[in-house]
Amino acid sequence: MKDARIFSALLIALGIVVMGFALKSGIDNFANKDRKVTVKGLAEKEVEADKVTWPIQTKEIGNDLPALYTKINATNAAIKKFLIANGIKDAEIEINAPTVIDLSAERYNTQPVPQRYNITSTIIVTSQNVKLVRSIIAKQGELLQQGIAIVDGGYENPIKYEFVAFKKMKPEMMTEAIANAEQTAQQFAENSKSKLNKIVSADQGQFSIDNRDENTPYIKKVRVVTTVTYSLKN
């Protein structure tokens with residue numbers, strides 16, 4: 001009988017100890033479940049543009065519309081010949097229909113105009129050979145020797161450089177951004193006398209592609225920022 005009471009007391013004591021450990025674990029889990037740190041990770045790379053769009057515009061002014069069309073067609077043919085002679089492929093050249101403005105029909109024009117028609121022709125070169133196109137842009141002055149003046153396209157028709165292959169870089173840059181985020185989170189954990197645990201959540205990252213500066217629009221800065229939340233433990 002005495003042995004039975006001792007055994008029962010041991011079972012109760014053991015149960016109390018187990019319950020104590022369970023309560024402590026539960027309290028620790030409850031205390032730690034909201035211990036998180038959210039950080040941002042950054043990755044940046046400079047790359048050369050892999051696509052260029054070059055609008056080449058010329059203008060003709062006069063009163064004889066058929067003669068102007070003949071002149072525009074001759075100018076376009078000369079420009080296309082110049083481009084192909086310098087390595088541009090025929091498939092990379094697009095000749096748009098000319099835009100005609102009848103200056104005498106302008107609503108706010110109350111004075112006679114010396115030249116009635118203003119015709120703008122646009123040839124668009126689209127190529128992935130950016131270096132070649134840039135070299136041709138640099139020597140377009142050769143067209144002046146043929147009496148062909150290229151006009152500035154302004155804000156509506158600028159030379160446009162793009163980097164279209166950035167999708168191939170996304171996995172590598174995301175890995176780099178997350179590593180950067182982990183480094184920041186690790187420092188935070190050390191400062192708070194904690195240890196970094198697993199990732200609780202992470203976004204896919206916000207990518208941006210911008211010109212490195214105004215003078216080198218053919219050099220792009222690819223940037224990704226990702227937000228990562230880690231749990232912390234003692």
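Is Lys51 buried, partly exposed or exposed? Lys51 is partly exposed, with a relative accessible area of 27%. Here buried means under 20% relative accessible area, exposed means over 50%, and partly exposed lies in between (1.4 Å probe, protein chains only).

The model is predicted: local features need pLDDT of at least 70, side-chain atom pairs count only at pLDDT 80 or more, and totals for chains, interfaces and linings use all residues. Residues are numbered from 1 along each chain as its sequence is written, and side-chain values use heavy atoms, with hydrogens and water left out.

The protein chain has four helices and nine strands. Both are DSSP runs, numbered from the N terminus (helices: H or I, at least four residues; strands: E, at least two). From the N terminus on, the order is α-β-β-α-β-β-β-α-β-α-β-β-β. Of the 234 residues in the protein chain, 29% are buried. The protein chain exposes about 15,700 Å², and carbon and sulfur atoms supply 54% of this area. Accessible areas come from the Shrake-Rupley method with a 1.4 Å probe; for residues, only the protein chains shown count as cover. Contacts (heavy atoms within 4.5 Å) were also sorted by separation in sequence. Among those between residues at least 6 apart, 79% join residues at least 24 apart.

In soluble globular proteins, nonpolar side chains tend to be buried together. A nonpolar core is a set of buried Ala, Val, Leu, Ile, Met, Phe, Trp, Tyr and Cys residues joined through side-chain atoms within 4.5 Å. The largest such core has 19 residues. Those with the most contacts inside it are Trp54, Ile56, Ile79, Leu83, Ile88, Val125 and Val133. Strand E2 (51-62), helix H2 (65-85), strand E5 (117-127) and helix H3 (130-138) each give two or more residues to this core. Ile88 illustrates the packing. Leaving aside neighbours within four places in sequence, Ile88 is in contact with Leu83, Ile93, Val125, Leu132, Val133 and Ile136.

Charged pairs were examined next. A salt bridge is a side-chain nitrogen of Lys or Arg within 4 Å of a carboxyl oxygen of Asp or Glu. By this rule the count comes to nine. In one of them, the side chains of Arg223 and Glu44 meet at 3.0 Å, N to O. Arg223 lies in strand E9 (residues 219-233) and Glu44 in strand E1 (residues 36-48), so the pair ties together parts 179 residues apart in sequence. Arg223 is partly exposed at 34% relative accessibility. Glu44 is also partly exposed, at 38%.

Lys51 forms a salt bridge with Glu162 (3.9 Å, N to O). This pair links distant parts of the chain, with Glu162 in strand E6 (residues 160-162) and Lys51 in strand E2, 111 residues apart. Glu162 is partly exposed, with 21% relative accessibility.

A further salt bridge joins Lys80 and Asp90 (2.9 Å, N to O). Lys80 is in helix H2, and Asp90 is in the loop between H2 and strand E3 (93-95), 10 residues apart. Lys80 is partly exposed at 27%, and Asp90 is partly exposed at 47%. Elsewhere, salt bridges that share partners join Lys45, Glu172 and Glu176 into one network.

One backbone angle was noted. Phi of Lys193 is near 60 degrees, a positive value in a residue other than glycine. Lys193 lies in the loop between helix H4 (166-191) and strand E7 (195-202). Lys193 is exposed, with a relative accessible area of 73%.
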